[in-house]
Amino acid sequence: MPTGPALLTDRYELTMVAAALADGTADRDCVFEVFARRLPHGRRYGVVAGTGRLLEALPHVRFGDDELATLREQGLDDAGLLDWLADFRFGGDVCGYAEGELFFPGSPVLTVRAPFAEGVLLETLVLSVLNHDSAIASAAARMVAAACERPCIEMGSRRTHEQAAVAAARAAHLVGFVSTSNLEAGRRYGVPTTGTSAHAFTLLHDDEKAAFAAQVEALGVGTTLLVDTYDVVQGIRNAVEVAGPQLGAIRLDSGDLPTLATAARRQLDELGATATRVIVTSDLDEFAISGLMAAPVDGYGVGTSLVTGSGAPTAGMVYKLVERDGVPVAKRSEGKNSTGGRKTALRRHDADGTATAEVVSSGPVEPRAGDRPLVVDLVRGGEVVAPVSPAEALAAAAAHHRRVREALPAEAWALSRGEPVLETVTA
């Protein structure tokens, strides 16, 4: 396995560097820009996530002996390239939207200014991190909105790549998921972890009551008992009999969840367990969560749909060269065009503080009352501007997201397909 992120890239980044070193263009001052041409079909906003992970990785993009040996084994044996890579350390500048910020089509989410060779070398890593994490955060934000203050738990580790699971748990927590089942996300980022038992634990025992008794003995009466292994009605009866009316919660993981949750609430109340919560899982997404709003549900566990972006597994961001030696450059391909020049951006608001537009410009913009600049410095001269721990970075991003989403107009929360809730205005 690679010792760092240097090899988490595409081969053509290195062949471009080799060619640019050979013809003398590698040191040209360049500006690269990350943006999405459009949001996933029907989505009304996106959430920037992954910036903190990218800043963690950046100092470790180095080519040591192991990485260079790997390149030679794969036929990348250009001496000039390998010598340059051996000394590589990113020394450019990075600015962009604060993590947790909202983005729209054309938003300059991240800008990298560096010599061409340094900037192009980061392309794949930047897009890999931002496209994945922003897709997860954008989907998770819709789920949090659909839950209307009821807590959501991330539990999708077994449905994705083991490292993607950690990143997904982080992105979900950023936008409001209260906890995760993933222990590494807890260790690395301070995300609260939770979990009790699966059906296997019930099946292990001779009967359901024995399984419940063992779990309560180990975890206390505040635990959550999974009551649908056999028969839900009997499962609830067994759970309350074992744990008493102080039982923390029951979990429903199958069947007609609205009907089962309603019946479960009624039965719990009749048994005196009026404070016992009802938690539901089972292939939930934002639409299923919304459909459960009338049911007496106290929390949601979400897995597969969350870690796959709920139908949009990538944010569709691209990394394009927009300026070379101070001269704007642009791609003109049909359907994949770009706009030349380094951009700045601000969020426009009305007198009530509600966001009304995303203003993007290649030049200075005369600010109006209520305008909020969106681009902040992240890296200067290769050094992170405000280094913090991974947990602190996540906490700051989560706090920023809570602030900015409050300014969205009400139609942003609709789950029906629609256009981006803010128009991107080119100034």
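Me: Which residues line the second largest cavity?

Reply: Rolling a probe the size of a water molecule over the atoms shows where empty space is left. In this structure, which is a predicted model, the second largest cavity is lined by Leu-54, Leu-55, Leu-58, Val-94, Leu-110, Val-112, Leu-122 and Val-126. Helix H2 (51-57) and strand E5 (110-115) are the elements that give two or more residues to this lining. The space in the second largest cavity comes to about 50 Å³, and its lining divides into eight nonpolar residues, no polar and no charged ones.

Me: How many cavities of 30 Å³ or more are there, and what is the volume of the largest cavity?

Reply: The count comes to three cavities of 30 Å³ or more, and the largest cavity has a volume of about 60 Å³. Its lining is made by Leu-39, Pro-40, Arg-43, Tyr-45, Gly-46, Phe-103, Ser-134, Ala-135, Ser-138, Ala-312, Thr-314 and Ala-315.

Me: Which helix gives the largest share of the lining of the largest cavity, and how do the lining residues divide into nonpolar, polar and charged?

Reply: Helix H6 (residues 123-147) gives the largest share of the lining of the largest cavity, namely three residues. By type, the lining of the largest cavity divides into seven nonpolar residues, four polar and one charged.

Me: How many salt bridges does a search of the whole structure find, and what is the distance between the closest N and O atoms of Glu-33 and Lys-343?

Reply: The search of the whole structure finds 18 salt bridges. In one of them, Glu-33 pairs with Lys-343, and the closest N and O atoms are 3.0 Å apart. Glu-33 lies in strand E1 (residues 29-36) and Lys-343 in the loop between strand E13 (327-328) and strand E14 (344-349), so the pair ties together parts that are 310 residues apart in sequence.

Me: Are Glu-33 and Lys-343 buried or exposed?

Reply: Glu-33 counts as buried because its relative accessibility is 3%, and Lys-343 is buried too, with a relative accessible area of 9%.

Me: Which residue forms a salt bridge with Arg-372, and where in the chain do the two residues of that pair lie?

Reply: Arg-372 forms a salt bridge with Glu-101, with the closest N and O atoms 2.8 Å apart. This pair links distant parts of the chain, since Arg-372 is in strand E16 (residues 372-373) and Glu-101 is in the loop between strand E3 (93-97) and strand E4 (102-103), 271 residues apart. Arg-372, at 24% relative accessibility, counts as partly exposed, whereas Glu-101, at 1%, counts as buried. Glu-101 and Arg-372 also belong to a network of salt bridges that links them with Arg-347 and Glu-358.

Me: What is the N to O distance in the salt bridge of Arg-251 and Asp-253?

Reply: The side chains of Arg-251 and Asp-253 meet in a salt bridge at 3.6 Å, N to O. Arg-251 counts as buried at 14% relative accessibility, while Asp-253 is partly exposed, with a relative accessible area of 21%.

Me: What value does phi take in Asp-283 and in Ser-310?

Reply: Most residues other than glycine have a negative phi, and most peptide bonds are trans. Phi of Asp-283 is near 50°, a positive value in a residue other than glycine. Asp-283 is found in the loop between strand E10 (277-280) and helix H13 (286-291), and it counts as exposed because its relative accessibility is 68%. Phi of Ser-310 is likewise positive and near 50°. Ser-310 lies in the loop between helix H14 (304-307) and strand E12 (317-324), and, at 17% relative accessibility, Ser-310 counts as buried.

Me: What does UniProt list for residues 152-308, and how much of that stretch is helix and strand?

Reply: In an unreviewed entry, UniProt lists residues 152-308 as "domain: Nicotinate/nicotinamide phosphoribosyltransferase". Over residues 152-308 the chain is 47% helix and 13% strand, and the end C-alpha atoms are 16 Å apart.

Conventions:
Residues are numbered from 1 along each chain as its sequence is written. This is a predicted model: local features need pLDDT of at least 70, side-chain atom pairs count only at pLDDT 80 or more; totals for chains, interfaces and linings use all residues. Side-chain values use heavy atoms; hydrogens and water are left out. On a 1 Å grid over the protein atoms alone, a cavity is a set of points where a 1.4 Å probe fits but cannot get out, and a pocket is an open set with protein on both sides within 12 Å along at least five of seven lines; lining residues have an atom within 4 Å of a point. Grid points are joined across faces, edges and corners, and a volume is the space filled by probe spheres set on the points. Helices (H or I, at least four residues) and strands (E, at least two) are DSSP runs, numbered from the N terminus. Ala, Val, Leu, Ile, Met, Phe, Trp, Tyr, Cys and Pro count as nonpolar, Asp, Glu, Lys and Arg as charged, and the others, Gly among them, as polar. Buried means under 20% relative accessible area, exposed over 50%, partly exposed in between (1.4 Å probe, protein chains only). UniProt positions are given in the numbering used here, feature names are shortened, and annotations may be inferred rather than shown by experiment. A salt bridge is a side-chain nitrogen of Lys or Arg within 4 Å of a carboxyl oxygen of Asp or Glu.
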